[in-house]
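Here is a short note to keep beside you on a first visit to this structure. Please read the points in order, with the model open.

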Amino acid sequence: MGRYAHLERALGAEVFAEVTQARVLVVGAGGIGCELLKDLVLTGFRDIEVIDLDTIDTSNLNRQFLFRSKHVGKPKSLVAREAAMGFNPDVNIKAFLGNIKADEFGIQYFQTFDIVLNALDNVNARQHVNRLCLAANLPLIDSGTTGYLGQTTVIKKGETQCYDCQPKTENKKSFPICTIRSTPDKPVHCIVWAKELFKLMFGNPDESMLSGSEDDFADDGAQDGGDEAAEAGKGEGDAASGEDQQKEREIRSQIVDAVLKAKPEGADADDADKVRAYARGVFDAVFDNEIHFKLKLRNGYKGAKKKPTPLPFDEAMAATDASDPSSSGLRDQRVLSLNECAELFLASVAKLWAPARRKDMGSMEFDKDDREALDFVAAASNLRSHIFGIERKSIFETKGIAGNIIHAIATTNAIVAGIQIVEAIKILARLKGKKISHPYFTSAPRPESSNSSSSSSSSSNPDASASPTSVTSDSTAVWVVRDPIGSGNLLQATNLDKPNPNCYSCGNSTMTLSVDATSWTLGDLVDKILRKSVGINAPSIMLKSSEIYAEGDGLEEDEIELFKANLPKTLVDCPAGGIKDGTILDIEDFSQSLSFKLIISQKDDFDKDANPDQFELSGDAPVSKAAESSPDEAQSNARGDDADDGDLEVVEGPTSATAAVASKKRPAENAAVPLDESPSGSDSASNGSKKPKVSEDVTTGDNGVICLD
Amino acid sequence: MSAITGDQVAVYDRQLRLWGVQAQQRLLNAKVLIWGLEGSNVEACKNLVLAGIALTLRDHRTVTAADVGFNYFLRPEDIGKNRSECASKRVQEMNPLGSVSSSSEGPAKNPEKLKELLKGFDVVIVGLSCLGFDFELAASMDAACRSLGAGFLLTVAAGEIAFFFSDLHEHIMQERSAQGSTDVGQTGQNPETFSFPSFSDWLAAVPALLTGKSDDSFKLFGLFASFLRGKAERAVPSAAADFEAHCQEVKCQPKVDGLQTMQQAFGHFFVEPLVHVASVLGGLLSQEVIKAITRKDPPLVNSVCFNAHTGAALVEHCPAKPAAPVKRKAEEDVADLLDD
C-alpha cells in the first residue's frame, strides 16, 4: 500500500481528491500551526501557505515540535515549512515571515484559497482574518487553546456566526485603581503595582498610575462591578473625603519626587554608591514612608482586607526568614527571602542604570524576558506583598503573572488541530457542491448539545436545516474540556449558530468601491459615495480602528476641526496608513443606526465618457438595523467568560469599561467551559511586544483606566 | 529524584506553569513503553517526549510505505528497516533533554517473558495491531502490568473512529489543577482513589456492552472484540462478511456516523489510521498518561472513543458500573474560580 491508500479508503476517493486539490492558508505557525501543518501534509493536502511574524523561542520547544533548539531565533513559518515538507515530499508549502495584517495579505490574496485555518493566539489577528474571510467569502476554521482547554469553530459568511458576531472580552483582567494603589490583597495586585513603579522609574512616568492625579475613591457610590471592587470600596468607606483625597495626592507627589527628582544625573549616574543611594531612597519612599502616611490617613486601614506594615530597609535586610526550602534549588523557582528581595531591589535598579541601558531611561517598557526588569518587578512586588501580608511568589511565578503567560501544552494543540482538519475535510467535501456519495453527506446532524449521550445518527435535528448548498451543514463547533460534560463528553460538538444580523462585521452587506485612490480625496468619498450614493446622514469612517472622519452630535470643537482637516487629503494620504487597494473601511451612521464595510479597489482607467464620475460602487445598499437590534443580548453574560489570560487591566472603580467590552454571549450549553476565544498557538506574538497603553475603549470619561500588557 | 535544571525550566516553561514543578519532576522521572508504532501511539511518542518523559519504543515490524504515509518519525529510506529503531532517532531529536530508546522485541505469550518485557515502566501503551489483534494477549499484558504496578493503555483505530482502553488499577489522584491560570495547583486537597476494571473485565463485559446503552461507537469496538475473541486469525480484511454475520448473530448493528455497513467498518480496522484522527485521540491518550504519572486531575475511567465524523469524544465506564468518583460540590468549584 502506498502513502495515501488509507486516506482514499477512509475518506472516499472523491473527498480525498478534493483534499489533494484544495488550496489552504494556515495563519500562524506556533503551537496549533505546527500541529496543523503536520496533519495537513499527512492527510493529502498539497497546496499550503503559512504566515507567521514570529521567531522561535526556547519556551516554544515543549509543543511547537517542528522546531529544535538550533532554530531558536529563526522565523517560525520558514522552519515549520522545511520540517513539514520533510514529512511528505509531495507537498508544496509556501511560507511567509510577516504580519497577516500586512497589505500584501489582503482580500485578493485570500481569494486565491479554498479554505483558511486559523492558528492564532490573539483576538485582534483573529478578527482581522475573520473579516478578510467574510469579505473574500471563504470558509474559516478558527481555533484557540489555553492549557487543557480549547475550542474550534467554523465561520462562513451568511451561514454561521462570524468571529465578531459576539463581542469579545479581549480577556482582560480588571482591577480597581485603588486596589493597586492602596488596598492590594492578592499577589497580582502587587505585581501590577510593581510594573507601575517600573514605569515610573524607568519608563514614561506620566503613564504610570503612581504619578497620576486621579483619586482612588472616585465614585464609591456608583459601584456595580466585581466583588473585589465593591469590597475594596467598602473598606475605605470613611476615608473617602475630599480632604483625604488631597492628602493621598500629596503622598503620591512625594513618591514621584523621590523617584524623579532624585535620579542620579551626569557623573552621579556612573557612581555606584549614588545609584544605590537613589534606589534606597525609592525603597524608603514606597515601602516605608508611604505606608506610614497611608496608615494614618486611612485610620489604620480599618475594615480593609489586608493591613499594611511599613518596612524599613534595615528591617528587611535583617530579616531572617528562610527562603522557601521546599522547591528546587533554582533561584527563579523558589520564593526569595525578604533580605534577598531587598538586595535584589537595589541590585536590579543598579543594573537598569548601567551605561548600556541608561539611554533608554524614561522610555523603558516592562518585558517579561528582560532579566533586570523582571528581577525588579519580582523584588518590588514581593516586598509590597510582605508589607500587606500577602503570599509571596517566586520569580518564575511572577514572570507568568506579570507577562500574562498563556499556558500551553502539546496535547491540547494536537486535539484542536486534529478537529480543525476534520472540519476542513467536511467543508471541502461540501464546497464544490458535488453530491458525492460518501458518508459525509449521509450523516444526520449533530446531537444538539450537552446531553448528547450518543454520537450515533438516529436523532434528527430541525435546526440543521441548512440549505443543500450550504458548505457548513455538516460543520460543528467543538469544545475541548478537562472534565467530561454530561454523560461523558470530552469533546463537545455543538451546532453552529446562525449569523447575528446586528454583527458589525458580517451583519450587513459589504460594498466595494473602485476608484483612483491617488486622486480621490476623503471629501470626495464622503460626498459622492457616502452621501449621494448610499444616502448617509452623518457618516463616521474608521480605518484600522482609527476614526479618520466623523460628524454629528457629541463631537468636540477640536475633533471637528481635526476631521475637517482630513477631507482635502487624497485617499492614500489619509491618516492611519492611508486608504488604498484592499483597504476595508468601517462606515457608520449613528443617526441611522447603520453600519457597513466599504472595500476599496484601486482603479484608474475609467472611460471618462461613459463614467464621468470615475468610480464604480457594487454591493447591496445597507439596511437600517434599528428595528432589529437587541440590546440585552449584548449585555448578557458580561462576566461570564473572563478567560484567564490576556491583558491585565486596571480600572478606576468598577467600570463601564467592562460593560463596553465584556459582553461575549455564549450558548448556554457551553457554560461549563470556562474559556472562550483564548489566546494560544504562537503565544509570544501577543505577550512581549505590546505597549502598555491607556485604554481607549472607555467612552465614559473614566480617567483611571489603564491596560497593562 | 534529581532536581530540575535551568535548561529544563527554559524548555518546559509553559507546561510547568500549567502543572507545576512537582508534576514535571514526576514526568522527568517516569518511564513509558510505547509498544506498537501505529495510529495514536505515534502521537503519544510526540506528546510524551515533549512533556519530558523517558520513552522506550517497541515494535517488531518493519517500515512499509504505508507507515511512512502517516508516521512522521519515518522516512522513505527507512522502508524495510525496523520501525522502532528508525522512529526512535527522530523522536529523540524532538526533545534532546529527554531519553528515548528502542526495542524490536515481538510480543511474547509466555507470561514470564511478557513480564520481563514490561518490567521497569510506569505506564505501557500498546497498539492492538502490533499484537496481531489478539485480545487475549492484550488481557495478559494488562494482567502483567497490574502485577508490576504499571498503568496499561490499549489503542485501536478504525478509519475515522479511534478508541483507547485505560487501566490504572487503583489510581490515587493527589490534586486537581486550579481552574484559573495563575495558580499551578491547590494544596491541601484530599487524595481521591479511582478503581479501574482490568482488560479481562472489559472483555467479559463485551456481551453486555453490545446490548446495553453504550454509544454505538463503543459497540463497534465491542463487536470487533467479540468477533476476534479466541480467533485472532480472523483479523484479516477478507473476514468482513463473517464479521457482518457475527454482528447479526449477536444482534448488534450499531449505527456509527461515517460508516455505512459493518463490512466497511471491519475493513477500516486494517488500514492505517488517519493522522488527524490519531492527533485527537493521541492527545487525549497522552493526557491520561500524564495524569497517571503526575497523579494530578481525575483520570478517565476507562474507555474513550473519538469519532471524527461527529467531532465528539466520549468516555464510558466499561463494565457499566458507574463507580462515580466523589463529585466535588458546585460551591467548591465556584470558590476556586473566585480565588483566581
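**Notes for a first look**

1. Let us begin with Asp268(A), which is partly exposed at 32% relative accessibility. Here buried stands for under 20% relative accessible area, exposed for over 50%, and partly exposed for what lies in between, using a 1.4 Å probe and protein chains only. Asp268(A) pairs with Lys274(A) in a salt bridge, at 3.6 Å from N to O; a salt bridge needs a side-chain nitrogen of Lys or Arg within 4 Å of a carboxyl oxygen of Asp or Glu.

2. A word on the ground rules. This is a predicted model, in which local features need pLDDT of at least 70 and side-chain atom pairs count only at pLDDT 80 or more, while totals for chains, interfaces and linings use all residues. Residues are numbered from 1 along each chain as its sequence is written, chains are lettered from A and ligands numbered from 1 in the order in which they are written, and side-chain values use heavy atoms, with hydrogens and water left out.

3. How many salt bridges does a search of the whole structure find over all chains? The search gives 50. As background, side chains of opposite charge can pair when their charged atoms come close. Two examples in chain A are worth a look. Arg81(A) bridges to Glu82(A), with the closest N and O atoms 2.8 Å apart; Arg81(A) is partly exposed at 24%, whereas Glu82(A) is exposed at 52%. Asp605(A) bridges to Lys603(A), and there the closest N and O atoms are 3.6 Å apart. Asp605(A) is exposed, with a relative accessible area of 56%, while Lys603(A) is partly exposed at 24%.

4. Please also find the network of salt bridges that links residues of chains A and B. Glu35(A), Lys38(A) and Asp39(A) are joined in this network with Glu43(B) and Lys46(B).

5. Next, colour the model by charge and look for a negative surface patch in chain A. Its members are Glu547(A), Glu556(A), Glu557(A), Asp558(A), Glu559(A) and Glu561(A). A patch takes residues with over 30% relative accessible area and no salt bridge, joining like charges within 9 Å and nonpolar side chains (Val, Leu, Ile, Met, Phe, Trp, Tyr) within 5 Å. Which element gives the most to the negative patch? That is helix H19 of chain A, residues 557-566, with four residues. Glu556(A) sits in the loop between strand S12 (546-550) and H19 of chain A. Helices here are DSSP runs of H or I with at least four residues, and strands are runs of E with at least two, numbered from the N terminus.

6. The backbone deserves a check as well. Most residues other than glycine have a negative phi, and most peptide bonds are trans. In chain B, a cis peptide bond joins Val301(B) to Asn302(B), with omega about -5 degrees; Asn302(B) is in the loop between helix H12 (275-294) and strand S9 (303-307). Asp297(B) lies in that loop between H12 and S9 and has a positive phi of about 75 degrees. Is Asp297(B) buried or exposed? Asp297(B) is buried, at 3%.

7. Another cis peptide bond joins Cys318(B) and Pro319(B), with omega about 5 degrees. Pro319(B) belongs to the loop between strand S10 (312-316) and helix H13 (330-339) of chain B. In chain A, Asn137(A) has a positive phi near 55 degrees. Asn137(A) lies in the loop between helix H6 (123-136) and strand S5 (140-146) and is partly exposed at 43%.

8. Finally, the aromatic rings: the count comes to 43 aromatic pairs over all chains. Phe198(A) and Phe202(A) make a tilted pair, 5.1 Å centre to centre with 50 degrees between the planes. Rings of Phe, Tyr and Trp (its six-membered ring) pair if their centres lie within 6.5 Å, and planes under 30 degrees apart are stacked, over 60 edge-to-face, and the rest tilted. Both residues lie in helix H8 of chain A (residues 187-202), four residues apart, about one turn of the helix. Phe198(A) is buried at 1%, and Phe202(A) is buried at 0%.

Conventions. Areas by Shrake-Rupley, 256 points an atom, 1.4 Å probe, with all protein chains shown as cover. Lys, Arg positive; Asp, Glu negative; His and termini not counted. Charge placed at Lys NZ, Arg CZ, Asp CG, Glu CD.
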